[in-house]
Amino acid sequence: MKAARAKTPRRPALKKASPPGPKDPVGVYCRVRPLSCPDQECCIEVINESTVQIHPPDGYRIFRNGEYRETQYSFKEVFGTLVAQKELFDAVAKPLVEDLIHGKNGLLFTYGVTGSGKTHTMTGSPGDGGLLPRCLAMIFNSIGPFQAKRFVFKLDDKNGVDVQCEVDALLERQKRDATPVPKASGKRQVDPEFADMINVQDHCKVEEVDEDNVYSVFVSYIEIYNNYIYDLLEETSFDLIKPKWNNCNTPVRNGDFIPPQSKMLREDQNHNMYVMGCTEVEVKSTEEAFEVFWKGQKKRRIANTQLNRESSRSHGVFMIKLAQAPLDADGDNVLQEREQITLSQLSLVDLAGSERTNRTKAEGNRLREAGNINQSLMTLRTCIEVLRENQKYGTNKMVPYRDSKLTHLFKNYFDGEGKVRMIVCVNPKAEDYEESLQVMRFAEMTQEVEVARPVDRPLCGLTPGRRFRNQAFRDELARKLEIRGGPINEETEEQSASEILLRNFPPLPSCELLDINDDQTLPKLIEVLEERHKLRQKLSEEFARNVLTFRTALRELDSNIMSKENYVQGKLSEKEKIITGQKAELEHLEKKIKTLEYKVEILEKTATIYEEDKRHLQQELESKSQKLQRQVSDKRRLEARLQGMVAETTTKWEKECERRVAAKQLEMQNKLWVKDEKLKQLKAIVTEAKSEKPERPSRERDREKPIQRSVSPPPVPGDVFKTRGGGQAVQFTEIETLKQESPTGRKRRSSPSNADPPEDAADSEWTDVETRCSVAVEMRAGSTLGPGYQHHAQPKRRKP
């Protein structure tokens, strides 16, 4: 089933004279780059939104008399140093993108001295995209939901476009993607090297887009270097310069070189110029299109000069082609009529900077490059001057387009094939004064040239709104099928059928050979495999019959569709005769219907917004109720946790109180034991004192022989255990009662007297007993208590 291929419509040949009709002047805009250093001398000043003033720097004389003259130049609009890329895009490039969507051509190029900001204006920088990525974003934001599948539109080698049916496009896609590639989930992965350049947040798009058309975007990228055209998207590598070789396989003399193979310019059947054999890539998103551009940008020739570290040594031309065609009457497929195919083109040109060789100190290849750049720019100026003279004075001079590849490629735009816009980039530093002066003069002269306004493409004659009506019909059909039980899922049926076939295969027996004499396992296995082979042959035969049946059905369907298409073509021809007589009334009704549909669309969007708000509010209410329930459950869990903590704390303090009571009891017992020990020691001392004779030894004998104290009786038997502090304590098991009468009638003397030796001896004896009791009690108490128990030692009693 192949549909007839449709070519782009043949346009009438252009005449030498300018075509009649309204004309528009070439729009020239001026952008002033900020100075790299604040203390640099400036020679350009922005007067207002359409005028700049240039004055010579200090020490520069224009006239012989030494006077200085300030010159003003007017443009359509002037952008100062603080202008944003979006503001520049809205004023210059946005109308060109709108014309591209409406089937009209456009040309935009940046012009200026080396280092004036042309590449920054066109491409942009990270975080601040230029005109090119913004144009791509606006195109795909506008035609995103109406794009055709790949290979529905197919460009030929003669600057034309073919339209294919869905079957042929599917075959082309399968042929290109021979190996199955898994679909990547989510959005396309963007190269981080240029991700910030295409991250445009304003989502600009064309408001009036024909929704009954399908669109496809093709991009190509070339450079014009040394007056040769090279394809930057070619996969084959090429050398910049290579020497000639003679028949003896030896290079010729030094300095004799030939340029690499370049592309040729050709003229199509509509007298439009195009690059023959140029690579044109179909893209479906801004990311994909800018990735293609970035791939070619890396191959573009740049060099380090005295004026610019990365100076473009070639003219870069990025071309965007938009193919569009209306849908058929059913709103399903592309209309197969060659008169209805429209191909529009937007060319974005980044010109190489003009420069003076005495300033750049160029030598060798750089010098040759600069000469070719200046020559091509000079040819452009010459063409503009001749066009201006022909239009202003009515002359018929030949415009020298063929003197340069740059002017020859874009001669159709100046002859009336679309709008032409130019952005003049200037660097206000004083060193560029002379070059900036020449640029200003050329730019002011360029805006005097007028270009014929492109005509609107004709209407297709079909009822508008058929795409969405057919979509509504499909949705309603799907809804009814779902009510009746839902559509049949073919994949599920195929999967279940394959599972059934696999289940019907006889199971394989055990293939384990345990005995060398086993002669049953292998025959059984061979028998099962033969059955499986027979069943497989039957399935293959059945599959071949099904394939033959399906092919027959496809042929019948193809013939039916062809007959239906012929019938539709006959009906369309009849309808066209009727439409011809009622064209004016139909256009009026179509405009009215479009207005009503626009109102209905607005109401539908409003209703959708209200429904979306309602859904968001319901979701918010549900989320808040869930949050409240979670808070209640958290509160209950917290209460339970606090109760558990209270119970745990109560138990802990009860145990702590019991421990403290036990410790206090132990302490009291230790004190009681100490007192008992003291009493026992005191009893032993008193008893020993009574048993001694009360004779008073002489002083001489006392001096010679010291009085020996009585040994304390051994401690009462008891139990020894460890205390909490790490020491030891003794628990006595016997109880001894001390009974003693206090001696009466004794008096203490402060000092012994020689006159009364008996009383003195008695007092000395009593004092010695008291001291011994005190010392013995302290020593025994210290030895009885452990290191973990602290006792309060009784102070010694002093003699009065």
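Here are some questions and answers about the predicted model shown above.

Reader: What is the mean pLDDT of the protein?
Author: Happy to start there: in this predicted model, local features need pLDDT of at least 70, side-chain atom pairs count only at pLDDT 80 or more, and totals for chains, interfaces and linings use all residues. Residues are numbered from 1 along each chain as its sequence is written, and side-chain values use heavy atoms, leaving out hydrogens and water. pLDDT is the predictor's confidence in each residue, from 0 to 100. While 70% of the residues reach 70 or more, the mean is 77.

Reader: How many contacts does the model have for residues 238-259 beyond four places in sequence?
Author: Please take care here, as pLDDT stays under 50 over this stretch. Where pLDDT is low, the predicted coordinates should not be read in detail. With contact meaning heavy atoms within 4.5 Å, the number for residues 238-259 is 20.

Reader: What is the bridge partner of Val-52 in β5?
Author: Strand β4 covers residues 51-54 and runs antiparallel to β5, joined to that strand by 4 bridges. In β5, the partner of Val-52 is Tyr-73.

Reader: Which elements give two or more residues to the lining of the largest cavity?
Author: A cavity is a set of points on a 1 Å grid over the protein atoms alone where a 1.4 Å probe fits but cannot get out, and lining residues have an atom within 4 Å of a point. The lining of the largest cavity includes Leu-107, Phe-109, Leu-406 and Thr-407. The elements asked for are β7 (105-112) and α8 (405-409).

Technical notes:
Pairing = 2+ DSSP bridges. 1 Å grid on protein atoms, 1.4 Å probe; cavity = no way out; pocket = protein on both sides within 12 Å on 5 of 7 lines; lining within 4 Å.
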